[in-house]
Amino acid sequence: MKKITKLLVRILCLTCAILLAAVLLPAVKSLLPQPGYARTSTQLTHAMQEAGELTAVTYTDTGVAVAETKALLVGTVLKVSIPYEYKIGFGFALEDVVLEANESSIAVYLPDIVMLHDSFTVTGEVQVEKLLYDLTEKHYQQILDDEALSCRKRYLDGNEYQQAAWDAACKALSGLFSQWTGEENLPLTFLSKAELSST
């Protein structure tokens with residue numbers, strides 16, 4: 001009977017030890033020295049998950065949208081001039097950034113740069129020159145929508161804007177990483193997330 005009791009106590013103690021180790025292992029693991037920049041990478045990953053989005057660059061344009069309505073034989077029967085301001089911001093969600101650390105550096109894999117927000121605002125008095133037709137609310141809104149779409153397309157189709165946003169994102173992340181870790185001149189290599197899936 002004593003042998004069975006001792007055996008049961010051993011099994012119970014062993015089970016408790018295994019459960020305790022399983023519970024405490026993640027906490028102990030985070031306290032142990034990690035090779036290279038692994039600990040810094042983990043710290044930055046947590047910080048990025050809490051930070052939300054990074055607007056790498058914002059562009060602002062001002063201009064005047066001009067729309068003319070023409071009639072056969074008569075020519076221009078309505079001309080509308082609308083001063084505007086257009087803003088667009090490029091960036092990405094920080095939770096989509098992937099970090100890979102090694103002994104000497106941190107590889108930063110960035111997702112595609114996307115449009116995070118844009119706005120089109122009328123900034124002054126609308127000039128209407130009418131000969132035969134009145135400016136309807138529907139026509140007015142169509143002019144605004146067309147000009148906003150034209151502005152957006154110009155930025156989304158322009159490779160130079162995407163490249164500028166990429167460069168600004170790398171610079172902004174370098175600054176954020178230094179701020180979050182307190183380390184200056186972190187050895188960072190910026191790569192496209194597409195390169196991560198191809199490796």
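A search of the whole structure, which is a predicted model, turns up seven aromatic pairs.

**Aromatic rings**

- Tyr86 and Tyr155 make a stacked pair, with 6.2 Å centre to centre and 25 degrees between the planes.
- That pair ties together distant parts of the chain: Tyr86 sits in strand β2 (residues 75-93) and Tyr155 in helix α3 (residues 137-157), 69 residues apart.
- Tyr86 and Tyr155 are both buried.
- Tyr155 also pairs with Tyr161, and here the rings are tilted, at 4.4 Å centre to centre and 50 degrees between the planes.
- Zoom out a bit and you'll find one aromatic cluster, made up of Tyr59, Tyr86, Phe90, Tyr155 and Tyr161.

**Helix α2**

- Helix α2 covers residues 38-51, which makes 14 residues. From first C-alpha to last it reaches 20 Å, close to the 20 Å expected at 1.5 Å a residue.
- Its buried residues are Thr40, Ser41, Leu44, Ala47 and Met48.
- Looking down the axis of α2, those buried residues fall within an arc of 130 degrees, so they line one face of the helix.
- What do the buried residues of α2 pack against? They pack against β3 (98-101), β4 (106-110) and α4 (159-181).
- On the face turned away from the buried side, α2 carries the exposed residues Gln49 and Glu50.

Definitions and conventions: Residues numbered from 1 in each chain as written. Predicted model: local features only at pLDDT ≥ 70, side-chain atom pairs only at ≥ 80, totals over all residues. Heavy atoms only, no water. Phe/Tyr/Trp six-rings, centres within 6.5 Å; stacked < 30°, edge-to-face > 60°. Helix = DSSP H or I, 4+ residues; strand = E, 2+ residues; numbered from the N terminus. Buried < 20%, exposed > 50% of the residue type's maximum accessible area, 1.4 Å probe, protein only. Expected span 1.5 Å × (residues − 1). Arc of directions from axis to C-beta. Contact = heavy atoms within 4.5 Å.
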